[in-house]
Amino acid sequence: NPTGGIRIIRDLFVINDHATGGGIRMLGSVAGSIQNCRVGAYRGLTLDNGNSWHVQNTNITGSLDSGAWGILASNAVTIVNCHIQACAHGIRHYNTGLQVIGGRIETCTVGIMLGMNGSGASTQSTSPVVLAPSMELNQTAIDFNAVSLGSIIAVHASGGAEQPGVTSRNV
């Protein structure tokens, strides 16, 4: 919620088996942190309409169904050393300032979708930085749907023979 104060969620285990269920939502907050959690849900973490969020050492297992994500990140989100698996979109980002540092994203339809909001519309992703995650067996490692500026550095992406590493459009 948009009230003052920092939100910290730590050491939480969340499983939501509902077909379109969510795990953790932080909406409209300024400054928040999710640490050392395990989340299993159609939409794992929804960090929307706020800024300055930090996600660290969190394991997310999602859904490969269309519309699902591991993490929806809007403005100023840093994701460090997280394991995200079996999601339609491992990380979906729009707005400004995504940082993905280390971790592992695997067996997703798209590992990182840049430039798409929570409703699936193309919305600019500005200045994303992706630094050294391991990305294995994703159909597409990184999809540049609508991006300006940004850096992709030292990404390990491996998959099958029919799986593209990077898809670019509207860049």
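## Close-ups of a predicted model

View 1. At 43% relative accessibility, R38 counts as partly exposed, a class that lies between buried (under 20% relative accessible area) and exposed (over 50%), using a 1.4 Å probe and protein chains only. This is a predicted model, so local features need pLDDT of at least 70 and side-chain atom pairs count only at pLDDT 80 or more, while totals for chains, interfaces and linings use all residues. Residues are numbered from 1 along each chain as its sequence is written, and side-chain values use heavy atoms, with hydrogens and water left out. R38 belongs to strand β5, residues 38-40; strands here are DSSP runs of E with at least two residues, helices are runs of H or I with at least four, and both are numbered from the N terminus. Setting aside neighbours within four places in sequence, R38 touches L12, F13, V14 and N59, where contact means heavy atoms within 4.5 Å. From R38 to T107 it's 69 residues along the sequence and 17 Å through space, C-alpha to C-alpha.

**View 2. Seven strands make an open, parallel sheet.** Read across the sheet, the order is β2-β5-β7-β9-β13-β17-β21; two strands pair if DSSP finds at least two bridges between them. The edges belong to β2 (13-15) and β21 (156-158), and each has a single partner strand, so one side of each has no neighbour in the sheet. From one strand to the next, the twist averages 5°, with axes fitted as lines to C-alpha atoms (for helices, over the stretch in contact) and angles running from 0 to 180 degrees between N-to-C directions. Zoom in on β9 (residues 83-85) and β13 (residues 104-106), and you'll find three bridges in the parallel sense. Here I84 stands opposite I105 of β13.

**View 3. R104, E106 and E136 are joined into one salt-bridge network.** A salt bridge here is a side-chain nitrogen of Lys or Arg within 4 Å of a carboxyl oxygen of Asp or Glu, and by that rule the count is two. One of them links E106 to R104 at 3.0 Å, N to O. E106 counts as buried, at 13% relative accessibility, whereas R104 is partly exposed, at 31%. The side chain of E136 also meets R104, at 2.9 Å, N to O. Since E136 lies in strand β17 (residues 134-136) and R104 in strand β13, this pair ties together parts that are 32 residues apart in sequence. E136 is partly exposed, with a relative accessible area of 22%.

**View 4. Three strands make another open, parallel sheet.** The order is β11-β15-β19. At the edges are β11 (95-96) and β19 (147-148), each with a single partner strand, so one side of each is left without a neighbour in the sheet. Two bridges pair β11 with β15 (residues 125-126) in the parallel sense, and T96 stands opposite T126 in β15.

**View 5. I101, L131 and I153 form a nonpolar surface patch.** Together they have about 220 Å² of accessible area, worked out by the Shrake-Rupley method with a 1.4 Å probe; for residues, only the protein chains shown count as cover. Patches take residues with over 30% relative accessible area and no salt bridge, joining like charges within 9 Å and nonpolar side chains (Val, Leu, Ile, Met, Phe, Trp, Tyr) within 5 Å. I101 is part of strand β12, residues 98-101, and counts as partly exposed at 35% relative accessibility.
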